[in-house]
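Hi,

Here's the structure I said I'd pass on. Have a look, and my notes follow below.

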Amino acid sequence: MAGLNKDLSLRIAYAHFPPYVLATNKNGSLVLSGMMPGIINSVARWMNISSLSFIREPEDKYGTWENNTFTGMVGMLYRNEVDLIMNPILAKSSILEFAYFTNPITIGAYTVLSGKRSEQENLFLYFSALDTVVWYFIIITAIAISVTSTFMFSSLNALPHPSKARICGEYLWNLVSYMLRQDPSHKLLLRKSKRKMSLLIQLMVTLWMFGVGLLVMSSFQSLLVSKMTVYKSTPIIDTLEDLLYTDATVGVAPFEIQLEDVLENSGVAVYEKAWLKIKPNLMPWNKVLTDETIKDTERGKYCIIHGYFILRNRLSRFLKEKSYCNLHLSKKNFFPFPLLVAVQKTLPRSFFEAFNLGITRSVDSDMPGKYFKPGLEDSNMCTSYTDKTLKPQGLENLYGVLLLWAAGLACGVIALLYELTYKHLCRDCAFRGF
């Protein structure tokens, strides 16, 4: 391309919008960095363009259609004040009337940034170490073994029905107490003599001791320790659908990304309902990404809907500034879109085709990846944080156990009172000759 465009000077509109374009002031001089300045300068050198003039949009806005004209950088291109927009934008039919679009620089998508919720102590946290199905299986198995053992026991010893109920209760109690390691004598067979003993009962009791007493309860103890000392974190909001079912967290988004084009009248019920909740909370992009808003997001007050790469980049900078963050960036992205460069149509078509070829060469050489990779690695530390600090156990960790203990004690007291009353009535009846 040498010599082809040596007399050409390009006017380029830009806005400070990390990670694509970063405008900083160093020693009184403007310095442009980021992915897009790198790509544009590379293409300009390849095309031998002699001069590049960068013009910043005063409010760092992309632009929308207002009062029968475009605002922001798009408005600058519309009024032929610049030759191209350096910041990548979404392709729209209204912009095609006065601009060409290059091949995609990258593929973006919208996603949700929210805080995390730690699993807190609850009444039955002690029992949540095992799944509910496992507990049901243990209970059913204990009852089945107790009933079967009672039947086999009574087949060898003629017992009345009240005695059968008592024997079944003893079997059940001994099985449960062994499982919980509360009965050191391990009298699971209820026999002083082992001469009259069914092989089936021995087999069932052995399976209980090995399957439940050893394997299940050993797993329960180890899982219980981890569950009660290291709390699992879950995202407060992971999808737009989650946002519909809570009023505690407010969905916010910047005006500039024009989320209404994606959600409103999309034909997707979840998107349209989510838009009704997000619409009243739109903010300027620089307010959405402030430290205060991100801290509020971490606490669960907000969730932010924005571009995936933009949020990753912001988290990377937030982590470097604060050295700590505990946020969730959803991987359930929605509405993927290409990001393109808009070029003024008044330029020769041959120039646009050469420029587009230069953009494609830069993308093929993975220049976007070179700029994105460091930020993505840093942001992973921000979203993958897990609090693994062991926490001391308090009374609140054993509420479920204490509740069952109190319920058992209450039942025991009631049974004792009933038995005392019953015996007292029996003595009265005997005394009166009934």
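Helices (H or I, at least four residues) and strands (E, at least two) are DSSP runs, numbered from the N terminus. It's a predicted model, so to speak of local features we need pLDDT of at least 70, side-chain atom pairs count only at pLDDT 80 or more, and totals for chains, interfaces and linings use all residues. Residues are numbered from 1 along each chain as its sequence is written, and side-chain values use heavy atoms, with hydrogens and water left out.

I started with Asp-238, which is found in the loop between strand 10 (233–235) and helix 6 (240–244). Asp-238 counts as buried because its relative accessibility is 12%; buried means under 20% relative accessible area (1.4 Å probe, protein chains only). Its side chain makes polar contacts (N or O pairs within 3.5 Å, one able to donate a hydrogen and the other to accept it; residues adjacent in sequence count only if both atoms are side-chain atoms) with the side chain of His-328 at 2.6 Å and that of Lys-332 at 3.1 Å. Leaving aside residues up to four places away in sequence, Asp-238 touches Val-112, His-328, Ser-330 and Lys-332, where contact means heavy atoms within 4.5 Å.

Next, helix 10 (291–298): six of its eight residues are buried, among them Asp-291 and Glu-298. Those buried residues pack against several elements, including strand 9 (106–118) and strand 14 (327–329). Just after helix 10, Gly-300 has a positive phi of about 100°.

Helix 1 (35–47) is mostly covered too, with 10 of its 13 residues buried.

Cheers

Key. Buried means under 20% relative accessible area, exposed over 50%, partly exposed in between (1.4 Å probe, protein chains only).
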